[in-house]
Amino acid sequence: AGLRTTERLLRKETGTDEAEEDETEEDDSLDALLAQAGNDESDILAEIIENLKNNLNLDAKFIRLKEFLFNRRWADRGCIVFSQYYETAAYFAQMLSTDPLVGGREIPVYAGESKAGIWTNGEWRNVERKILKDRAKQGDFPIFFGTDAASEGLNLQYYLSTLINLDSPWSPT
């Protein structure tokens, strides 16, 4: 999530528009952005990106998430994984969707309407929030990621009985 956020900041700093980003492979566009880095801010962002890229497999929060979901068997009881930041929820859902412990199951992300969807084996597809909610109530998802959009009115606690808050906001809602 930090890597994606930093990449987005670097794109703004180098003036790269999002249409160009969609037309190229992610690694290629990142390499081009790093080559364009020239002022102090973009040089610092480039350094942060390199450090994050070199340590992706050391994400302590992701390791701890997997411990609760699988070693402590929270996924067996159904678990809502909450983050107030979309990038964090989407990143963890994507990473989890490729993990052998998940076994190809769908990992939903309930977020703002245009950002709601499902990760399956590292592949994303947009899905309407109502469909995600209905399927969660049918027990289709043992793991359900949500952002602030999921903080009110879903009433999924009867179907997903555990909760992991990835960032513990200062002002709980």
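I began with burial: Tyr110 is buried, and Phe144 is buried as well. The model I am consulting is a predicted one.

I next looked up the ring geometry of these two residues.

I found Phe141 and Phe144 in a tilted aromatic pair, with 6.2 Å from centre to centre and 50° between the planes. Phe141 and Phe144 are both buried.

How many aromatic pairs does the count come to? I recorded 6 aromatic pairs. Elsewhere, I noted a cluster in which ring pairs join Phe62, Tyr91 and Phe92.

I also checked for a charge over a ring. Arg72 lies over the face of Phe68, 4.2 Å from the ring centre.

I then turned to Pro142. I located Pro142 in the loop that runs between α8 (129-137) and β5 (143-146). Which residues does Pro142 touch, leaving aside those up to four places away in sequence? I listed Ala75, Gly78, Cys79, Arg105 and Leu160. I also looked up Ile107: from C-alpha to C-alpha, Pro142 and Ile107 are 8.5 Å apart in space, and 35 residues separate Pro142 and Ile107 in sequence.

Notes:
Residues numbered from 1 in each chain as written. Predicted model: local features only at pLDDT ≥ 70, side-chain atom pairs only at ≥ 80, totals over all residues. Heavy atoms only, no water. Helix = DSSP H or I, 4+ residues; strand = E, 2+ residues; numbered from the N terminus. Contact = heavy atoms within 4.5 Å. Phe/Tyr/Trp six-rings, centres within 6.5 Å; stacked < 30°, edge-to-face > 60°. Buried < 20%, exposed > 50% of the residue type's maximum accessible area, 1.4 Å probe, protein only. Lys NZ or Arg CZ within 6 Å of the ring centre and 35° of its normal.
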